[in-house]
Amino acid sequence: MSRLPDLVLTNAGVALLAKTPLGSQIPVTKWQIGTGVLPNGTDTRDRTQLVEALKDIPISAVINEGNQALVKGQFINTNLAAFTWSETGLFANDPDVGEVLYAYGNAGSEGAPIPDGNVQFREIEFGVQLVFDV
């Protein structure tokens with residue numbers, strides 16, 4: 001069964017979260033999707049980049065509501081050959097080190113098959129709900 005990857009905060013994401021004042025937005029910069037598969041035993045929290053990045057996707061919306069933020073992206077397969085979407089990254093700007101991989105997910109061999117964009121058009125709106133609680 002195919003699926004899009006579930007995301008977890010990376011160590012860089014946790015460090016950025018600790019620097020973000022209460023009530024401030026996390027300065028997300030982009031989504032990135034890829035085709036890489038992690039070796040067994042790899043801790044996704046240690047990732048600093050995607051294994052095999054394929055495409056940068058702009059942030060289409062950030063909706064803040066209380067202690068939650070929905071960060072959305074919109075993928076279109078125009079001009080892409082068929083591939084399996086197995087990894088997703090959300091990037092943010094850290095004021096001390098620049099852009100970091102804030103959250104990362106890898107579905108491995110269960111990634112979502114995406115058809116050739118010249119054969120079958122595919123548009124996917126996706127996002128992650130960030131919940132901040134103490």
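**Note on the predicted model: cores, sheet and overall form**

1. The largest nonpolar core holds 22 residues, and Phe75, Trp85, Leu90 and Tyr102 are those with the most contacts inside it. A nonpolar core here is a set of buried Ala, Val, Leu, Ile, Met, Phe, Trp, Tyr and Cys residues joined through side-chain atoms within 4.5 Å, where buried means under 20% relative accessible area, exposed over 50% and partly exposed in between, with a 1.4 Å probe and protein chains only. At least two residues of this core come from each of strand E2 (28-34), E5, strand E6 (83-85), strand E7 (87-94), strand E8 (98-106), strand E9 (112-114) and E10, and E10 gives the most, with four residues. Apart from this core lies another, of five residues, among them Leu50, Phe91, Leu101 and Tyr104.

2. On the basis of the note: this is a predicted model, in which local features need pLDDT of at least 70 and side-chain atom pairs count only at pLDDT 80 or more, whereas totals for chains, interfaces and linings use all residues. Residues are numbered from 1 along each chain as its sequence is written, and side-chain values use heavy atoms, with hydrogens and water left out.

3. The chain contains one helix and 10 strands, taken as DSSP runs numbered from the N terminus (helices H or I, at least four residues; strands E, at least two). Read from the N terminus, the order of elements is β-α-β-β-β-β-β-β-β-β-β. The radius of gyration, taken over C-alpha atoms, is compared with a globule rule of 2.2 Å times the number of residues to the power 0.38; the chain has 15 Å, close to the 14 Å that the rule gives for 134 residues, so it is as compact as a globular protein of that length.

4. Three strands form an open sheet in the order E4-E5-E10, with antiparallel pairing, two strands being counted as paired if DSSP finds at least two bridges between them. Strand E4 (59-65) and strand E10 (123-131) are the edge strands, each pairing on one side only. E4 and strand E5 (residues 68-76) run antiparallel and are joined by six bridges, and Val62 stands opposite Val71 in E5.

5. Along its principal axes, the C-alpha trace of the chain spans about 45 × 35 × 25 Å, and 38% of the 134 residues count as buried. Of the contacts (heavy atoms within 4.5 Å) in the chain with a separation of 6 or more, 73% are accounted for by residues 24 or more positions apart.
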